[in-house]
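Reader: I have a protein model to study. Could you take me through its side-chain pairs?

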Amino acid sequence: MAPVTAAMAITVVSADTIIINRARPTSCCASGSVPEGAKPRGLPYMLLMVSPRKSLLVPSEEAGERLDRLLARHIAELSRSRLKALIEAGAVAVDGATIRDPSHRVNSGAAVVVDVPPSEPAKPAAESIPLKVVYEDDDIIVIDKPKNLVVHPAAGNWTGTLVNALIAHCGDSLSGIGGERRPGIVHRLDKDTTGLMVVAKNDRAHRSLAAQFADHGRSGEPFERRYLAFVWGAPDRPHGMIDAPIDRNPRARDRMAIRPGGREAVTHWQVLERYAGEPESATGDKGNKAKRTMAARAKAAEPVASLLDCRLETGRTHQIRVHLASIGHPLMGDEVYGAGFRTKAGRLPPGAQAALADLGRQALHSYILSVKHPKSDEILTFRSELPADLARLRDELVRGRAGPAERLGS
């Protein structure tokens, strides 16, 4: 396929090229179950193998031991890293309570149960999943990722991923540097974040793109990743920067948090639009009603939501979601980092309330991606318009006002 020029790539890309892969999905059979064994006699602990469940009673001499070390010692067929992953995935219970901390200290006589999922194929299979292809040549492919699509296989999502679709579309041409489960992948988007992604089709392209994503334009090289984010409320400034390190949340390993000693994370933001909310109804006696009416009108004058342009200087997991929540403006629809803002939905215009309820995901879209071509050194810039669900949300936020939304940028 002949590459497009940089001038062509700079135009708005609606991702209207739909590739329906022709490969047939491949499935595998899980291993059969193993009959429950009898309790071993003469041992200081009990280990029963009931596929896919394994149970263990903690012996007194191992009281106080870390959970992952205990399991590694007594379930030899599984590696410690595999057991740690199972713990963090919520597949291990101690005395009936799910434990997600591998360093949890166990008590003597505690009953430990491990649910081991059936073995999965080590190499992802090609699957017939439609791809929206924005650009493709012999070195890279740029796609516009839809919502509800996981990028690569992992626990709980072994099939139906972007990698499965790419294997079907690109065959063996994807770069192998990322490993069998992440061929060609140099960056990721969350499952429910939509927008532009670039994938390497050979090892040379992978090395070049990986270096660009690691640098994120800090050395002066042309590189840009920008997102459109619908957030609750509106910052009191037109633009700003969030510089706060991000690491795993110590109390919830599937979440990220701002933590001292975490990895450096920098997000630049700019307010594009502000959206006013609906006034709250006032009831009660006349005196208090008048006061509440004035307060409701004053509150209605405050933006209930806004649209931000976010530019990444680093690329950490959940970076935009965590950073915006940290300044009091979490993403609309984000049930992980913005659950405490659900009551604000009552201030949205009726149409916007319905659009948000139907959204079912965080309101975040990767809309600009600019990279240097790994072979020609040409600067390619791609732009993706808002997908239908976010376009509807914006339209309803604007339509719900008496006048047009306040625009602070473009």
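This is a predicted model: local features need pLDDT of at least 70, side-chain atom pairs count only at pLDDT 80 or more; totals for chains, interfaces and linings use all residues.

Reader: How many aromatic pairs does the structure hold?

Author: Rings of Phe, Tyr and Trp (its six-membered ring) pair if their centres lie within 6.5 Å. By that rule, the number of aromatic pairs in the structure is two.

Reader: Are the rings of Y135 and F382 stacked, edge-to-face or tilted?

Author: Planes under 30 degrees apart count as stacked, over 60 as edge-to-face and the rest as tilted. The ring centres of Y135 and F382 are 5.5 Å apart. Their planes stand at 50 degrees, so the pair is tilted.

Reader: How many residues apart are Y135 and F382?

Author: Helices (H or I, at least four residues) and strands (E, at least two) are DSSP runs, numbered from the N terminus. Y135 sits in strand β8 (residues 131–136) and F382 in strand β18 (residues 379–384). The pair links distant parts of the chain, and the separation is 247 residues.

Reader: Is F382 buried or exposed?

Author: Buried means under 20% relative accessible area, exposed over 50%, and partly exposed in between (1.4 Å probe, protein chains only). Y135 has 4% and is buried. F382 has 1% relative accessibility, so F382 counts as buried.

Reader: What angle lies between the planes of F213 and F223?

Author: F213 and F223 form an aromatic pair, 4.9 Å centre to centre. Both residues are buried. The pair is edge-to-face, and the angle between the planes is 80 degrees.

Reader: How many salt bridges does a search of the whole structure find?

Author: A salt bridge is a side-chain nitrogen of Lys or Arg within 4 Å of a carboxyl oxygen of Asp or Glu. One of them joins D68 and R66 at 2.8 Å, N to O. D68 and R66 are buried. The search of the whole structure finds a total of 21.

Reader: Which residue forms a salt bridge with E221?

Author: The closest N and O atoms of this bridge are 3.1 Å apart. E221 lies in the loop between α5 and β11, and its partner is in strand β17 (residues 364–372), 151 residues apart. E221 is partly exposed, with a relative accessible area of 40%. At 22%, the partner also counts as partly exposed; the partner is K372.

Methods. Residues are numbered from 1 along each chain as its sequence is written. Side-chain values use heavy atoms; hydrogens and water are left out.
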